[in-house]
Amino acid sequence: MPHFQPWYHGTITRSRAEVLLSKAGRDGSFILRGSESILGAYALCVLYQNCVYTYRILPNEERQLSVQASEGVPNRFFSVLSDLVAAYYSPNMGLVTHLQHPVPKEDGLDDETGTPPEHTSCPPQLPPRNFPASDVTECREQALAELFLQRMQLVDLSAVPEEHQRALQEYFSSSLVLDAAQVHSGNHSLPSLKKLILGLCRNLNNEISRIVPSLEAFQTVLDQQIYPGIGRCRSQVSADPVQSMSSRLEQLTKLLHSIEEKAKGAVIESVGVDGGQKRSLIPPTFEVKSDSLGISTKLFLKVDVETGRLYFKKSKDGSEDKYYLQNKILQLIKSQKMPAKLAIVLETDKEKILKKDIIFYDTKKREGFCQLLQQLKNKHSAKPDPDMITVFVGTWNMGNAGPPQSLRSWFQSKGQGKTRDDTADHIPHDMYVIGTQEDPLGEKEWTDTVKNALRVITDISFKLISIQTLWNIRILVLAKPEHENRISHVFSDSVKTGIANTLGNKGAVGVSFMFNGTSFGFINSHLTSGSEKKLRRNQNYINILNILNSGDKKLNPFDITHRFTHLFWLGDLNYRIDLPSTEAENIVSKIKQQQYQELLGKDQLNMERDEGKVFLHFQEEEVTFPPTYRFERDTREKYAYTKAKATGTKYNLPSWCDRVLRKSYPLVHVVSQSYGCTTDIMTSDHSPVFATFEVGVTSQFVSKHDPRSASEGGIKFMNCTATLFTKSKTKFFIEFHSSCLEKIVKTSEGENTDVDNGSINVCFAELQLTPIISDPEYLLDQHILICVKSTDCDESYGESCVALRAAEACNTGFKVSLTHRGESTGTLTGVIQLHLTESKQTEKLYDFIKVEKDDHGSAKSKSGENRSAVPHTLEITNPSYMGVGVRGGYATDMGWSYTPKAGNISPKRHGHSRAPNTPDEAETGTEMFDNPLYAAMAMQSRREQELPRWDPPTPPPDAPRFPPPPDGEPDRAPKPTPRNRSFTCSEGKPPPLPASLAPGPKRPVVPQRSEGGVVLAAPRPPLPIKRAALLEPQPLHKPREPRDQHTRAPARPSQSLPANKHARE
């Protein structure tokens, strides 16, 4: 066990150690830290010639320590670290230079880096400081006593008898220390606590003895196993006064729970399995305007989810003769330019395609209608497993007070901010994830409260998936009964970040699981409070990120931000508005005027995220609701931002403490449906926050082809170059992890090239990966996790993720950010190529709703150059779909981008229009793209422009001409193209259009009917117009061709260094 020394930095990260050594700037400066890759090992970091060399210190079976040496070099063993360090102060010990200048810790970080948080498995168990045991014990006892006394001052004791108040005060001030001394000596009976409880419960024994017979008789009546002549049941609660009070109360509690469950079960069984006869909901009706030939008419749309019908009526109480079944409702197309406009694509009985443009009275009504139609399609889908679900995420600091009678507004997303329409009130979510802080209820009581509230709203008895509690921090996960068997690998954990990282008054709880083939992670955290403790909150986040044990254990090199397809982080994060207390009245005035943007610019969480210090590459939906803290209880009209204390007046400025953030793998389907707070739940000084999401999921794939006959697929990574923000002199390789690979695959050692700014460029050779299944239906939904490691220590220098769907149509260049333990550590660029088997791909349910493309994203300047309002990679309008996310009106980096490359086209399942023949045609482009994040049509158009243009042959004079549609079918539209799968990130507002960039004319959609995703070469009618039109034949797709490979220039040889016998970490 090492002595406490200034050079020992505990759990400090590798990148932070390099920063401290760079600041020291002297050869021979060194730091000792815990190893990130081996439990119980250490890393010695030495600065020489402005480069950092890292050596691994390993323990042997006898717990003696030695610096790992190259083969053939004898090891020297030491009993403690201080002896090892002292020995390497001498020259010629095998290091690049001898140890000379220890680098001390930074001020104010002792508690965070020197004393690791309590945990069982990770991070590596580091040696504690060598303080005298008595001093440490006494310090912790005093800290604990002071904490309880402070919390007691905040509790309302008006109903507590004075003698009980004195007893509690005496226990916390003096008797608690005596109990701690007993525990330290080996006696865990806590005699002082027992004495206190007996004194407080002096009359309770008599009451228990009097109540128990009545409860037992009640239970006997409810018991189903009742036979004639049954005798009186034996008492379940012992009357022995010697038995501890806690044991008797526990038995009494179990008896009460048993009675409650039996009574509830009998009632539920009598009225139905799912909690009662389902309410007969009246199908909602929407009043809209229909646009046809420039004439606007009033129309009423009625959505009957149960029967799967959409009715078109001329009046609210009119005839319901005209309706379309769910299989005839082909598509909904949202307009971005007009937020209340929607196009409905329908199929008539005569297989004619109609496109009806309708306008709602507001955007919320349109969203409610779309959600109902999506539920209708999902309910009547023939798929055995869903490919999209909706998730409710809620967080609430309960303020140590019980909940009100009704939680309806919270679970129905009612209040302020982005809320759901009334017509969607009774659409149940597939999962409910509830995070609470300062929760005074027990686990069972809170679970029953939530389940009963949801049963009243939805008529569904939700199943408990997991519940995890750390002191008063709790996370609860419930799911629909039909999803119970789809959820597996459930795991939960907690992390303490309270005083000295040993108390659970602050910290986090997490739950993770698999939903079929998709991994989910949910973290509920309560971070350090206080406006001035921003840095402590940042450290809380880092500790939780590194220590929370959750997700696939095979992904140990990756932190939890890379282990899940979808990760949601919620809770009372306690970040405040960073303004002086003198601005309190001004803040309240701006809140009343709903001027949130100026205040959000001073929000500590937004500021820290912009600087990359916390929640790197996480996204948060735009905040359009008022601060949720600190209200006066029992009202939402007044903020109680001052509090009188003995030391003076303390200010708690109104702040957005309660937040929901998320991070998902690239190019997956995630749409935010709501994000706001309630206005009628007032038992706490915090308002509950809700957020709902539509999330894409994958099923356990079963191939429809014979594995013996299917051709082998391939995933090729080419021209991979990592730019690492490090001064370490070591070699690197890449590890590829994925569920689509049979095992972990590693590259060969890369070639290093120094960069002037202190970074290193590492070039890696081309690598071919072989997936276990090459069917595109499976492979395009997969992701490859990438980890850049050093060859001599196996420590990670950065992790990231690449989506295989990015290379669906062609070779695709990618650029991804590398992160490690919450910090940015570099970038990785390269090209990915897929070889897929030809196969029909089923349509995803979330492709039902698409978004119409607006053409104002780019325009030509007077000089003829293209100008863009927003720099974009995939030629799409919304920055949320281009590797950045919208937050509060400005963009945030998501850590990835993709650029299609020309050549080597893979077999495609869809056909798109050829490259335009004229500049005007190129400017207009298509009117609709397939759903925002994919931008599949935009990618395809750009790719085709880079390829040699194919000109169709001139049709012969006797080619058939198609007449215009009959006058009786003015709404007729062309048959739609098969709908590509959508990669939606989140629906955000499009960037503001500069006045100089007026939108150009739109080109109508020209979709085509296809068979199984392969476009037929036979002639099809074009878009109907008022004059005859000639058909343009469609080009056949060519098979994939091997791409020309270019030889990379050899890397510059590295600088010669002194002889180094020891292997570096």
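Here is a short tour to follow with the structure open in your viewer.

The model is predicted, so to speak of local features takes a pLDDT of at least 70 and side-chain atom pairs count only at pLDDT 80 or more, while totals for chains, interfaces and linings use all residues. Residues are numbered from 1 along each chain as its sequence is written, and side-chain values use heavy atoms, with hydrogens and water left out.

**Stop 1: helix α9**

Select residues 363-379, which make up helix α9. (Helices are DSSP runs of H or I with at least four residues, strands are runs of E with at least two, and both are numbered from the N terminus.) At 1.5 Å a residue, these 17 residues should span 24 Å, and the end C-alpha atoms are 24 Å apart, which agrees. That expected span is 1.5 Å times one less than the number of residues.

Now show Asp362: one of its side-chain oxygens comes within 3.1 Å of the backbone nitrogen of Lys364, at the start of α9. Buried residues of this helix include Gly368, Phe369 and Leu372. (Buried means under 20% relative accessible area, exposed over 50%, and partly exposed in between, with a 1.4 Å probe and protein chains only.)

**Stop 2: Thr423**

Which residues does Thr423 touch, not counting those up to four places away in sequence? Select Pro284, Phe286, Lys365, Gly368 and Leu372. (Contact means heavy atoms within 4.5 Å.) Thr423 sits in the loop between β14 (416-418) and β15 (431-437), and is buried, with a relative accessible area of 19%.

**Stop 3: an open sheet**

Next, colour five strands in the order β18-β19-β20-β21-β24: they form an open sheet with mixed pairing. (Two strands pair if DSSP finds at least two bridges between them.) Its edge strands are β18 (487-496) and β24 (658-664), each pairing on one side only. Between β18 and β19 (residues 507-515), which run antiparallel, there are eight bridges. Look for Ile487, with Phe515 of β19 opposite.

**Stop 4: two cores**

Show Phe520 and Phe522, which have the most contacts inside the largest nonpolar core, a set of 51 residues. (Such a core is a set of buried Ala, Val, Leu, Ile, Met, Phe, Trp, Tyr and Cys residues joined through side-chain atoms within 4.5 Å.) Another core, of 38 residues, lies apart from that one, and Tyr898 is among its members.

**Stop 5: strand β42**

Finish with residues 896-900, strand β42: Trp896, Tyr898 and Pro900 are on the covered face, Ser897 and Thr899 on the uncovered one. In a regular strand, side chains alternate between the two faces of the sheet.

Methods: Polar contact = N/O pair within 3.5 Å; in protein donor to acceptor, adjacent residues only side chain to side chain.
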